[in-house]
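Here is the note I promised on this model, written for someone opening it for the first time. Have the structure on screen and follow the points in order.

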Amino acid sequence: QMCIRDSYREAYHWLRDKTPEDSRVMAWWDYGYQITGIGNRTTIADGNTWNHEHIATLGKCLTSPTKEAHSLVRHLADYVLVWTGGGGDDLAKSPHMARIGNSVYHDICPNDPLCTHFGFEGNNHDKPTPTMKASLLYNIHAHGSRPGVGVDPKMFQEAFTSKYRLVRIFKVMDVSQESKDWVADPANRKCDAPGSWYCPGQYPPAEPIQKMLAKREDFAQVEDFNAKGKKNEEYHKQYMKRMSQVHG
């Protein structure tokens, strides 16, 4: 018998029909176009987000311990959406989120460019490593489905779970209206010309956000011959060394 899983459309239509029009949704960038195109809601990133540091900031929020993550997310989004259906879902992608985040925020996986300690022991999802177990992503993903795993409803409240549990959406509690208003104010947009559509976003001046940004190390592509800096060179050297050991 054929079984049609309609979870993704169902989730995006829920966003469209059940959330305020000015809602901002935090999700991994892969789903950005779907959130805006089908859900008609603002997404934090999508497939046209060229700013590596911004994607790393998204990774930082999702892979940080839940309490720390909430202190950041409440200034940036109203909802958090994750894919939870197994296979290539967000839990499978989470080590990549951590690595990308760590390429800019080195405190995610200190002295571990590959974030080898962010994952599971022996690929057993019943045995998350300490950093994985503490992360927002893991706790939202497994909320209520694994004993003792979940998020504090005072920080993140389950708002929607699709029929086959392929998509879950959590409402961010205690959202900073001050930060939301600041970002929405046209006076705080930096555009390349008056009336231009090209206006790179700015982060709100909230203290937790600014403390996070103060630790940011702008990522330099290997191909960027104009980039200089021993920190970037050393990080890349460590990364390649670890990769050679893994695949050696």
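**Notes on the model**

1. Let's start in a loop: Asn 40 sits between α2 (32-37) and β2. Helices here are DSSP runs of H or I with at least four residues, strands are runs of E with at least two, and the numbering goes from the N terminus. Asn 40 has a phi near 55 degrees, a positive value in a residue other than glycine. Its relative accessible area is 53%, so Asn 40 is exposed. The cut-offs are under 20% relative accessible area for buried, over 50% for exposed and partly exposed in between, with a 1.4 Å probe and protein chains only.

2. A word on what you are looking at. This is a predicted model, so local features need pLDDT of at least 70 and side-chain atom pairs count only at pLDDT 80 or more, while totals for chains, interfaces and linings use all residues. Residues are numbered from 1 along each chain as its sequence is written, and side-chain values use heavy atoms, with hydrogens and water left out.

3. Now the overall picture. The protein has 10 helices and 5 strands, and 43% of its 248 residues count as buried. Taking contacts with a separation of 6 or more, 60% are between residues 24 or more positions apart; contact means heavy atoms within 4.5 Å.

4. Another loop, between α5 (90-102) and α6 (130-134), holds Asn 111. Asn 111 also has a positive phi, about 55 degrees, although it is not a glycine, and at 66% relative accessibility it counts as exposed. Asp 126 belongs to the loop between α5 and α6 too, and is exposed with a relative accessible area of 58%.

5. Two strands count as paired if DSSP finds at least two bridges between them. Strands of a sheet pair through backbone hydrogen bonds, either parallel or antiparallel.

6. Walk along the pairings. β1 and β2 are parallel over 2 bridges, with Val 25 opposite Thr 43 in β2. β1 and β3 are parallel over 2 bridges as well, and Met 26 has Val 80 as its bridge partner in β3. The pairing of β3 with β5 (residues 167-172) is antiparallel, over 5 bridges, and here Leu 81 stands opposite Ile 169 in β5.

7. Why is β3 (residues 79-83) described as largely enclosed by the rest of the structure? Because 5 of its 5 residues are buried. Both faces are covered: Tyr 79, Leu 81 and Trp 83 are buried on one side, Val 80 and Val 82 on the other. In a regular strand the side chains alternate between the two faces of the sheet.

8. The largest nonpolar core has 58 residues, and Met 26, Val 73, Val 80, Leu 81, Phe 156 and Ile 169 touch the most other members. Such a core is a set of buried Ala, Val, Leu, Ile, Met, Phe, Trp, Tyr and Cys residues joined through side-chain atoms within 4.5 Å. Leaving out residues up to four places away in sequence, Val 73 touches Met 26, Cys 61, Val 80, Leu 136, Phe 156 and Val 172.

9. Helix α4 (residues 66-73) contains Thr 66. With a relative accessible area of 12%, Thr 66 is buried. Not counting residues up to four places away in sequence, its contacts include Ala 134, Asn 139 and Phe 156.

10. Last, the largest pocket has a volume of about 1600 Å³. It is lined by 37 residues, with Ile 44, His 54, Cys 199, Pro 200 and Gly 201 nearest its centre. A pocket is an open set of points on a 1 Å grid over the protein atoms alone, where a 1.4 Å probe fits and there is protein on both sides within 12 Å along at least five of seven lines; lining residues have an atom within 4 Å of a point. The volume is the space filled by probe spheres set on the points, which are joined across faces, edges and corners. α3 gives the largest share of the lining, 5 residues.
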